[in-house]
Amino acid sequence: MDVTLAAGSAWTDPACPVARAVDLVGDRWSLLIVRDAMDGATTFTDFHQRLGIARNILTDRLRKLVEHGILDRSADGGRRHAYRLTEAGQDLFTAVVALRQWGERHAFAPDEPHSVLVDGQGRELPTLHPLGQDGRPLSAGTSRVRKTAASG
């Protein structure tokens with residue numbers, strides 16, 4: 001996977017994994033493309049119809065996601081290309097679920113309808129909770145970032 005940014009760009013915070021992840025997939029359209037790829041979209045047309053995104057922006061985001069190893073692009077016969085999540089793209093599943101669950105709790109009124117993510121048997125996914133090495137729940141108050149010498 002290429003972990004560099006476009007020429008002339010620099011990492012927002014080179015020593016921070018969160019900042020690097022946001023630099024790679026943190027804009028609205030990139031995350032929604034990843035979400036839709038997880039939901040079965042594979043072609044430019046699929047993404048365009050689902051998202052209603054401008055064609056030039058979609059082209060740019062797909063190119064960047066391929067460059068950064070989030071999506072693979074392959075010829076799907078003729079002029080069409082198929083986009084599939086790479087292992088790195090599939091690894092974003094937990095992050096997308098966490099964002100979805102945060103949105104369910106904080107971006108909707110209590111009775112406001114929204115889509116629901118379900119498993120293969122149609123059951124809603126349980127709420128994600130980070131756990132420590134001992135199995136106890138972690139929070140921002142019970143964890144901290146250990147800075148590296150390079151991060152100051």
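Here is a short chat about the predicted model shown above.

Reader: I'm new to this one. How many helices and strands does the protein have?
Author: Reading along the sequence, you go through the pattern α-α-α-α-β-β-α-α. Counted up, the secondary structure comes to 6 helices and 2 strands.

Reader: What box do the C-alpha atoms fill, and what share of the residues is buried?
Author: Taken along the principal axes, the C-alpha atoms fill a box of roughly 55 × 45 × 25 Å. The protein has 152 residues, and the share of them that counts as buried is 22%.

Reader: Which element gives the largest share of the largest nonpolar core?
Author: In soluble globular proteins, nonpolar side chains tend to be buried together. Here the largest nonpolar core has 20 residues, and Ile33, Val34, Phe47, Leu62, Leu65 and Leu71 touch the most other members. Helix 1 (17–25), helix 2 (28–38), helix 3 (44–51), helix 4 (55–67) and strand 2 (81–85) each supply at least two residues. The largest share, 4 residues, comes from helix 2.

Reader: Which residues does isoleucine 33 touch, not counting residues up to four places away in sequence?
Author: Ile33 is one of the core residues that touch the most other members. Leaving out residues up to four places away, its partners are Phe47, Leu51, Leu58, Arg61, Leu62, Leu65 and Leu71.

Reader: Roughly perpendicular or roughly parallel: how do helix 2 and helix 3 sit?
Author: Two packed helices are described by the angle between their axes and the distance between the axes. For helix 2 and helix 3 the angle is about 115°, with the axes 10 Å apart. The crossing of helix 2 past helix 3 is right-handed. Angles of 65 to 115 degrees count as roughly perpendicular, so helix 2 and helix 3 are roughly perpendicular to each other.

Reader: How many charged residues are in the contact of helix 2 with helix 3?
Author: On the helix 2 side you'll find Trp29, Leu32, Ile33, Arg35, Asp36 and Ala37, and they meet Phe47, Arg50 and Leu51 in helix 3. By class, that contact has 6 nonpolar residues, no polar ones, and 3 charged.

Reader: And helix 2 with helix 4: roughly perpendicular or roughly parallel?
Author: The axes of helix 2 and helix 4 come within 10 Å and cross at roughly 70°. Trp29, Ser30, Ile33 and Val34 in helix 2 meet Ile57, Leu58, Arg61, Leu62 and Leu65 in helix 4. The residues of this contact divide into 7 nonpolar, 1 polar and 1 charged. From the angle, helix 2 and helix 4 are therefore roughly perpendicular to each other.

Reader: Is serine 30 buried or exposed?
Author: Serine 30 lies in helix 2. Leaving aside neighbours within four places in sequence, serine 30 is in contact with Val25, Arg61 and Leu65. Buried means under 20% relative accessible area. Serine 30 has 2%, so serine 30 is buried.

Reader: What about helix 3 and helix 4: oblique or roughly parallel?
Author: Helix 3 and helix 4 pack with their axes 11 Å apart, at an angle of about 125°. That angle makes helix 3 to helix 4 oblique.

Reader: How many nonpolar residues are in the contact of helix 3 with helix 4?
Author: The crossing of helix 3 and helix 4 is right-handed. Phe44, Phe47 and His48 in helix 3 meet Arg55, Leu58, Thr59 and Leu62 in helix 4. By class, the contact has 1 charged residue, 2 polar and 4 nonpolar.

Reader: Which helices are included in what covers the buried residues of helix 1?
Author: The buried residues of helix 1 are Ala19, Leu24 and Val25. What covers these residues includes helix 2 and helix 4.

Reader: Where is glycine 40, and how far apart in space are glycine 40 and glycine 141?
Author: Glycine 40 sits in the loop between helix 2 and helix 3, and at 47% relative accessibility it counts as partly exposed. Leaving aside neighbours within four places in sequence, glycine 40 is in contact with Asp46 and Arg50. Glycine 40 and glycine 141 are 101 residues apart in sequence, and their C-alpha to C-alpha distance is 37 Å.

Conventions: Residues numbered from 1 in each chain as written. Predicted model: local features only at pLDDT ≥ 70, side-chain atom pairs only at ≥ 80, totals over all residues. Heavy atoms only, no water. Core = buried A, V, L, I, M, F, W, Y, C linked by side-chain atoms within 4.5 Å. Buried < 20%, exposed > 50% of the residue type's maximum accessible area, 1.4 Å probe, protein only. Contact = heavy atoms within 4.5 Å. Axes fitted to C-alpha atoms, helices over the stretch in contact; angles between N-to-C directions. Parallel < 35°, antiparallel > 145°, perpendicular 65-115°, else oblique. Left-handed = near helix turned anticlockwise from the far one by under 90°. Nonpolar A, V, L, I, M, F, W, Y, C, P; charged D, E, K, R; others polar.
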